[in-house]
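Here are some notes for a colleague who is opening this entry for the first time. Please read them with the structure in view.

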Amino acid sequence: MSLNAKTKYSGLAMLLHWLIAVLVIVQWRLSEAAEEAPTREAGGQIMANHFALGVVIFIIVAVRLAWRQASPPPAPVSGHAPWERTLARLVHFAFYALLLVMPVAGWIALSAFGEPISIWGLVSLPALPVPQNPDLGETIFELHGASGIALLVLAALHALAAVKHTVLDKDGTLWRMLPFGTARG
Ligand code: HEM
């Protein structure tokens, strides 16, 4: 590794990574809170925030991917086995795919009920031209929920892997995504 080789993600990539991680947890808690809400109306209000935040997450992920093109990630940690690199690449790809597909699926599902998405009263996304079919909407919402669980399980395994590499293998993986600490190439 040359002395100038990049070993950390850029500051913006780090910021967007942690922002998305926090917003994914908030999205999950909002959907849980809506299910436990005492009235249908209260649940609906919580879900309105979930829908608006879904649009915001989609936009942030799109910005993250555009920035990834402009500022590519550092080369993988040299000590990682080829299977570990492949697995990490697959998991990262799955994250981006889920983070982009889930909001769109939510929008399609809501559209099947003929409902627009209001982003906190600032902008409104109209219902997409899909058949008005509540059964279809429910099915897509169920798939959306299952994808959410998959995203959370992947995030937990991904976080465990990062911590394991950093604490047990002492290869500095976590510091690649944090502004402090020594990352290695
Ligand atoms: C919902 C939560 C999370 C999501 C969706 C997520 C997503 C991602 C994605 C997509 C990448 C690849 C970045 C790229 O190359 O474009 C990444 C990298 C990384 N993430 Fe996460 N992440 C989450 C939570 C966490 C947590 C909790 C930790 C640590 C405890 C963590 C640590 C890391 C590290 C260290 C990297 C860099 C890995 C490397 O250099 O190979 N992430 N994450």
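1. In this predicted model, the ligand is surrounded by 19 residues, and the closest of these are Ala 21, Val 24, Ala 155, Ala 159 and Met 177.

2. As to where the shell comes from, helix H1 (11–36), H3 and H4 each contribute at least two of its residues, and H4 provides the largest share, with 5 residues.

3. Two of these helices, H3 (residues 82–112) and H4 (residues 134–167), also pack against each other, their axes coming within 9 Å and crossing at roughly 160°. Since angles over 145 degrees count as roughly antiparallel, H3 and H4 are therefore roughly antiparallel to each other. Their crossing is left-handed, and the residues of the contact of H3 with H4 comprise 17 nonpolar and 6 polar ones, with no charged residue among them.

4. Helix H3 has a further packing partner in H2 (residues 40–70), where the angle is about 145° and the axes lie 9 Å apart; the crossing of H2 and H3 is left-handed. On the H2 side the contact is made by Phe 51, Gly 54, Val 55, Ile 57, Phe 58, Val 61 and Leu 65, while H3 brings Tyr 96, Leu 99, Leu 100, Pro 103, Gly 106 and Leu 110. The residues of the contact of H2 with H3 divide into 11 nonpolar and 2 polar, and no charged residue takes part.

Notes:
Residues numbered from 1 in each chain as written. Predicted model: local features only at pLDDT ≥ 70, side-chain atom pairs only at ≥ 80, totals over all residues. Axes fitted to C-alpha atoms, helices over the stretch in contact; angles between N-to-C directions. Helix = DSSP H or I, 4+ residues; strand = E, 2+ residues; numbered from the N terminus. Parallel < 35°, antiparallel > 145°, perpendicular 65-115°, else oblique. Left-handed = near helix turned anticlockwise from the far one by under 90°. Nonpolar A, V, L, I, M, F, W, Y, C, P; charged D, E, K, R; others polar. Near = placed C-beta within 6 Å. Contact = placed C-beta atoms within 7 Å.
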